Amino acid sequence: MLGVLGGGQLGRMFALEAKRLGFRVAVYTPELDSPAAQVADHVTRAEYTDLDRVAAFARSVDGVTFEFENVPAPTAATAAEHTRVRPGGPLLAIAQDRLAEKAAFARLGLPIGPYAPVRRAEDLAAAASAVPGKSVLKTARLGYDGKGQQRLASAQELPQAHAALGAVPCVLEEFVPFVGELSVVGARGADGSVALYEPFRNVHADHILDVTTCPAGLDAAVVHDAQRIARALLEGLDVVGVLCVELFQLADGRLFVNEIAPRPHNSGHLTLDAHVCSQFEQQVRALAGLPLGATQRTGGAGAMANLLGDLWQRGEPDWSAALAIPGVRLHLYGKREARPGRKMGHLCATADDAEAAAALVVRARAALTAGHAVETAAQDPRDGWGGGSDRRAGASSSSG
Ligand code: AMP
């Protein structure tokens, strides 16, 4: 019996892979009818701060992993008193705090862009002189998918931006003029073995991952550098489990580390369809103490396109239209309520090369709503937001 903290789509895909390998799965989540709970054998529905329930959950399983990094420290510590928690140790604390993350990158000698800490208002002047030009101010904690971020044309805007973010501890990053965004997903087993996927190429829209393709069309030296960075993080942070590192690719071929996620990552979803072993299977294997699986692509290339709640704006997407395209596969997360920006599912396709695979998923996604424009013209405009009044963005526990 394997346990997962968190009920989002990452927990769901972990559970599905675990079940394929013959495990039973227990999910711990405060959410009602969560994506992971729908496919689990056992569900504990309780708050993460209910440490008695956390302890009972941990005792009932042979190991615990998590599907979001903002698991409160006392929750992880309590679970670790009763069973193995993987990844464990200080990794969660590092991944929860951008300032701790930067310090860890520096300690490991990894390349990062210029930045300055803004822990309190007194740091504003020093930060402004360290990063005077175009920049991004990010809250140190609890930011994802562009939430908790402000773009600054110059440091003159810093006091205002810091106030807009609630004057909480932040990091001021110089704007990186990247030519591309990459990620490397890797896993490390209990025996110290490391398995790395090739780098993925990511395109964001409104700060949210939009399309991932692989292979990323990189020179061998850049692939090597990206994988070197991922390995250094897996080994240097003593990870047993899956980790993703997001990278900025500069015009001269250099890479800067942006951030890490100590879990499977949205950009790695295409490993379910395009690689021998998926990132979720690696998570299962690492947690259970099994050998890691092969990370090779099974065919020429793969691509993934996210399906956000916006696609439901004019009613249910036309699944048949997408599935009629050969090579396209659909993954839906079982979320009842479609909200703008909410990750509801993804499409994946394989093809001979990355451009062809990307074209397939983008075409399939467009086909989902191609009929809506016609319908809208013919009918009264309608809201069609999938029912319910709760439209809070990002209510899902995982950033994916
Ligand atoms: P993050 O939440 O840190 O992954 O940031 C979300 C997205 O904002 C990234 O994927 C980039 O597209 C963009 N971004 C973040 N930090 C920077 C930066 N220092 N320079 C330029 N773009 C950035």
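Among contacts in the protein between residues at least 6 apart in sequence, what percentage join residues at least 24 apart? The figure is 64%. Welcome to a predicted model of a protein with 400 residues, built from twelve helices and 17 strands.

**Overall dimensions**

- The radius of gyration is 21 Å, which agrees with the value near 21 Å that a compact globule with 400 residues would have.
- Taken along the principal axes, the box filled by the C-alpha atoms is roughly 55 × 50 × 45 Å.
- Of the 400 residues, 54% are buried.

**Helix H2 and its surroundings**

- Helix H2 covers residues 51-59, and its buried residues are Val-54, Ala-55, Phe-57 and Ala-58.
- These buried residues line one face of the helix, because they fall within an arc of 160 degrees when seen down the axis of H2.
- On the face turned away from the buried side, H2 carries the exposed residues Asp-52 and Arg-59.

- Four strands form an open sheet in the order E5-E8-E6-E7, and their pairing is antiparallel.
- Strand E5 (115-118) and strand E7 (149-152) are the edge strands, each pairing on one side only.
- On average, neighbouring strands of this sheet are turned by 20 degrees against each other, with direction ignored.
- Strand E6 (residues 135-139) pairs with E7 in the antiparallel sense over four bridges.
- To find this pairing in the structure, look for Lys-138, whose bridge partner in E7 is Gln-149.
- Helix H5 (residues 98-107) lies across E5, E6, E7 and strand E8 (170-174). Its direction is at about 55 degrees to E8.

**Strands E9, E11 and E12**

- Strand E9 (residues 180-188) pairs with strand E11 (residues 200-205) in the antiparallel sense, over three bridges.
- E11 also pairs in the antiparallel sense with strand E12 (residues 208-214), here over five bridges.
- Asn-202 is a handy landmark in E11: Glu-181 stands opposite Asn-202, and Asn-202 in turn stands opposite Thr-212 in E12.
- E11 and E12 form a hairpin with two residues between the strands, and in this hairpin Asp-206 takes a positive phi near 50 degrees.

**Cysteines**

- How many disulfides does the structure hold? The count is zero.
- Is Cys-214 buried or exposed? Cys-214 counts as buried, because its relative accessibility is 0%.
- Cys-170 also has 0% relative accessibility, so Cys-170 counts as buried.

Technical notes:
Residues numbered from 1 in each chain as written. Predicted model: local features only at pLDDT ≥ 70, side-chain atom pairs only at ≥ 80, totals over all residues. Heavy atoms only, no water. Buried < 20%, exposed > 50% of the residue type's maximum accessible area, 1.4 Å probe, protein only. Arc of directions from axis to C-beta. Disulfide = S-S within 2.5 Å. Pairing = 2+ DSSP bridges. Axes fitted to C-alpha atoms, helices over the stretch in contact; angles between N-to-C directions. Contact = heavy atoms within 4.5 Å. Rg over C-alpha atoms; globule rule 2.2 N^0.38 Å.
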